[in-house]
Amino acid sequence: MLAKRIIPCLDVDAGRVVKGVRFLDIQDAGDPVEIARRYDQEGADELTFLDITASADNRDTLVHVVERVAGEVFIPLTVGGGIRTLDDIRRMLNAGADKVSINTAAVHNPQFVHEAAERFGSQCIVVAIDAKQVSTTPPRWEIFTHGGRKPTGLDAIDWARKMVALGAGEILLTSMDRDGTRQGFDLELTRRVSEAVTVPVIASGGVGTLDHLADGVTLGKADAVLAASIFHFAEYTLQQARQHLSGRGVRVRTSTTLP
Amino acid sequence: MSTVAVIDYGMGNLHSIAKALQRVADAPDQVIVTHEGDAIRQASHVVFPGVGAMRDCMARLGELALIDVIREVSRQKPLLGICLGMQALLDHSEENDGIDCLGIIPGTVRHFGKDLTDIAGSALKIPHMGWNQVNPVGEHPLWQGVPPGSWFYFVHSYHVCPSDKADQAATTDYSFPFTSALARDNLFAVQFHPEKSQSAGLRLLANFLAWDGTRNPLST
């Protein structure tokens, strides 16, 4: 049966991997190509690159990073941040990305998701949803854009359903309340979105321990879990993450190299 | 020396497959990405990749006059179909309200179906996306050095159903065991993406480049 995926995320700014806390307070974590190579050797199931400033200059830099990584790392690569036009998508796919993640552009123009899926296929269109809890009774999460600064008033679960109806092949769900806090995923949000849609959901935001990764799958019902800092600073390796999930009864890719 | 032609018909990103073939090719081997019929006819090995929808796939092949080229080379030389390129080899697909395909391998392409569940009764997502295990059926040179149960990367919502069981070269479990590889004479086809499947995928591609299109073991 299908394995749950562990996806290290590389937040890229000006050609370097950085890690912010709650999307602010940036720390340098190294060269993206070197880090990608290390994750690949450790057996990452996929890699995600997020352009955190999404400026035009940064995008050119990211295209080169993706080209270099794609030439030597043979696992799926997703690129996100500042993807606004069909041409942005084409450039990233031509550079060697397998999927692109669309965030703000989907909020401004939901039809863009439909056009992108029609042109390139749903399998390469990930819609990134940044959600923040706005009430607890009844529980409600809303979509935020611009790195979590701008509210939109859109209900996160309705939005996820709508994105899938328009052609999203996967949902990358980030809890803005948890991102960078190391307190674990927002499991209730994750479970609600995962149960609401037919496509795979990647849980993101808040991982501080290996138990958090396992919780994302067992309690959050996520199909994949994404984390950045616990892997960047070598607190845990991907092997340790896989072993831990396996020990918690989660089906993961057991051997990543041939004998 | 091998010349491998990767058929470029505008269905998906060929960068990864070309890079992966280059990685495993020996120094004099050539990897070309082309939609020219003559270049495909002259190659020693042909890779037929593709992602997207079957209607677009068949339309593009028609526009580029590649349908006869693929039928012709499929009788002559080692050909590897990948993902949509595998599905297109069959007679007919349920996708896009039903569409005729190349009819090179007898059988049909079906949707996984709604309300798919695992053994425990939990709902399974469509597309089948991620890493799953491939269990070879019988011996084939392309499985050389790839142990049963090796993990490969999949992304698809449709799967092939060959009419002749003898064409089945591997199965994978997703709610039920579906055909994840086909082998018939000089043809081999896989539903997964070897170019995205790390060492197992690279080994399969290396085996393909070393393959003479017969069932004889590879001399490696």
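The structure holds 2 cavities of 30 Å³ or more, a cavity being a set of points on a 1 Å grid over the protein atoms alone where a 1.4 Å probe fits but cannot get out. This is a predicted model, in which local features need pLDDT of at least 70, side-chain atom pairs count only at pLDDT 80 or more, and totals for chains, interfaces and linings use all residues. Residues are numbered from 1 along each chain as its sequence is written, chains are lettered from A in the order in which they are written, and side-chain values use heavy atoms, leaving out hydrogens and water.

**Largest cavity**
- About 40 Å³ of space lies in the largest cavity, where a volume is the space filled by probe spheres set on grid points joined across faces, edges and corners.
- Its lining residues (an atom within 4 Å of a point) include Ile7(A), Glu46(A), Lys99(A), Glu170(A) and Ile202(A).
- Strand 6 (99-102) and strand 10 (170-175) of chain A each supply at least two residues of this lining; helices (H or I, at least four residues) and strands (E, at least two) are DSSP runs numbered from the N terminus.
- By class, the lining has 4 nonpolar, 3 polar and 3 charged residues, with Ala, Val, Leu, Ile, Met, Phe, Trp, Tyr, Cys and Pro counted as nonpolar, Asp, Glu, Lys and Arg as charged, and the others, Gly among them, as polar.

**Second largest cavity**
- The second largest cavity holds about 30 Å³ of space and is lined by Arg59(A), Val63(A), Asp88(A), Arg91(A) and Met92(A).
- Helix 2 (56-70) and helix 3 (86-95) of chain A each give at least two lining residues, and helix 3 gives the most, with 3 residues.
- This lining has 2 nonpolar, no polar and 3 charged residues.

**Chain B overall**
- Chain B has 6 helices and 13 strands, and its C-alpha trace spans about 50 × 40 × 30 Å along its principal axes.
- A compact globule of 220 residues would have a radius of gyration near 17 Å, and the 16 Å of chain B agrees; the radius is taken over C-alpha atoms, and the globule rule is 2.2 Å times the number of residues to the power 0.38.
- Buried residues (under 20% relative accessible area, 1.4 Å probe, protein chains only) make up 60% of the 220 residues in chain B.

**Helix 1 of chain B**
- Helix 1 (residues 15-24) of chain B is largely enclosed by the rest of the structure, because 7 of its 10 residues are buried.
- Those buried in this helix are His15(B), Ser16(B), Ile17(B), Ala18(B), Ala20(B), Leu21(B) and Val24(B).

Conventions:
1 Å grid on protein atoms, 1.4 Å probe; cavity = no way out; pocket = protein on both sides within 12 Å on 5 of 7 lines; lining within 4 Å. Buried < 20%, exposed > 50% of the residue type's maximum accessible area, 1.4 Å probe, protein only.
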